[in-house]
Amino acid sequence: MTNLPPLIGDADLDQIGIVVHDLYAVTEELTRLFGIGPFRIFEWPLEEVDPQATYHGQPADFRLLLAFVKVGTIQIEIIQPLEGQNIYSDFLQEHGPGLHHFRLTTPEFEQGVAALIRAGIENIASGTGVHVGSKWAYFDTTSQLGGVVVELRTRLEGASGEGKWAAEGDVVG
């Protein structure tokens, strides 16, 4: 163990992300097997929100199908890449479907991003989310964390830090 202070100290682990080929099949199975649901489903980027998407530091244009459900205090995000080059389609090509990331939500988002970059951890994607005012950034922590990517996100208003959905989405399950 090290006595060094953490790069990001005030963060809550609040989401796990799973990348899949068929979002509807996976959400149906989660409901059938474990009673998890209903899911809020969106196509990203949302029409009314500028995605400000990047992929390995460059502006990016891609589409995703996303499903969200809360299980206890953790949100499960199911991600199906639809088009364009992105970290999720890369993951499917390299590993097949599976656990992709966990998310840390922090009130010090910009400082957290800067700290990880200063530590030499590559920012592989960033953009705006499905919550009003939400920003996110993914970091390639696969070598440090046994193949898992870390997402940082801004903590938003409200006790949960989740904020308001930018659109209603479809509710399924």
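1. Ser126 has Ala137 as its bridge partner in strand 9, and Ser126 itself is found in strand 8. Helices (H or I, at least four residues) and strands (E, at least two) are DSSP runs numbered from the N terminus, and two strands pair if DSSP finds at least two bridges between them. This is a predicted model, in which local features need pLDDT of at least 70 and side-chain atom pairs count only at pLDDT 80 or more, while totals for chains, interfaces and linings use all residues. Residues are numbered from 1 along each chain as its sequence is written, and side-chain values use heavy atoms, with hydrogens and water left out.

2. For orientation, the chain holds 3 helices and 11 strands, which run β-α-β-β-β-β-β-α-β-α-β-β-β-β from the N terminus on. Of its 173 residues, 46% count as buried, where buried means under 20% relative accessible area, exposed means over 50%, and partly exposed lies in between (1.4 Å probe, protein chains only). Among contacts (heavy atoms within 4.5 Å) with a separation of 6 or more, 64% join residues 24 or more positions apart.

3. How many residues of strand 8 are buried? The count is 6 of 6, so strand 8 is largely enclosed by the rest of the structure. On one side of the pairing, strand 8 is joined to strand 9 by 5 bridges, and these two run antiparallel; strand 3 (residues 54-55) is likewise antiparallel to strand 8, with 2 bridges between them.

4. Within strand 8, Ser126 counts as buried, at 15% relative accessibility, and it is the bridge partner of Thr54. These two residues also meet through their side chains, in a polar contact of 2.6 Å; a polar contact is a pair of N or O atoms within 3.5 Å, where within protein one must be able to donate a hydrogen and the other to accept it, and residues adjacent in sequence count only if both atoms are side-chain atoms. Not counting residues up to four places away in sequence, Ser126 touches Gln52, Ala53, Thr54, Trp136 and Ala137.

5. Ile124 also lies in strand 8 and is buried, with a relative accessible area of 6%. Which residues does Ile124 contact, leaving aside its neighbours within four places in sequence? They are Thr54, Tyr55, His56, Ile87, Tyr138, Phe139, Asp140 and Val149. Ile87, one of these, is 37 residues from Ile124 in sequence but 7.3 Å from it in space, C-alpha to C-alpha.

6. The largest nonpolar core has 20 residues, and those with the most contacts inside it are Trp44, Leu64, Leu66, Tyr88, Val130 and Tyr138; such a core is a set of buried Ala, Val, Leu, Ile, Met, Phe, Trp, Tyr and Cys residues joined through side-chain atoms within 4.5 Å. Two or more residues each come from strand 2, strand 5, helix 2 (87-95), strand 8 (123-128) and strand 9 (135-139), and the largest share, 4 residues, comes from helix 2. Apart from this core lies another, of 11 residues, among them Val20, Ile36, Val69 and Ile78.

7. Strand 7 (residues 98-106) is mostly covered, with 7 of its 9 residues buried. It is joined to strand 1 (residues 12-19) by 7 bridges in an antiparallel arrangement, and to strand 10 (residues 149-154) by 6 bridges in a parallel one. His101 of strand 7 stands opposite Gly17, and also opposite Val149 in strand 10.

8. Helix 1 (residues 23-34) has 12 residues, which at 1.5 Å a residue should span 16 Å, and its end C-alpha atoms are 16 Å apart, which agrees; the expected span is 1.5 Å times one less than the number of residues. Leu23, Thr27 and Leu30 are buried in this helix. Seen down the axis, the buried residues of helix 1 fall within an arc of 55 degrees, so they line one face of the helix; the arc is that of the directions from the helix axis to the C-beta atoms. On the other side, Glu28 and Arg32 are exposed.

9. What covers the buried residues of helix 1 includes strand 2 (39-44), strand 5 (63-71) and strand 6 (74-83). At the start of helix 1, a side-chain oxygen of Asp22 reaches to within 3.3 Å of the backbone nitrogen of Tyr24, and the helix is followed by Gly35, whose phi is positive, near 70 degrees.
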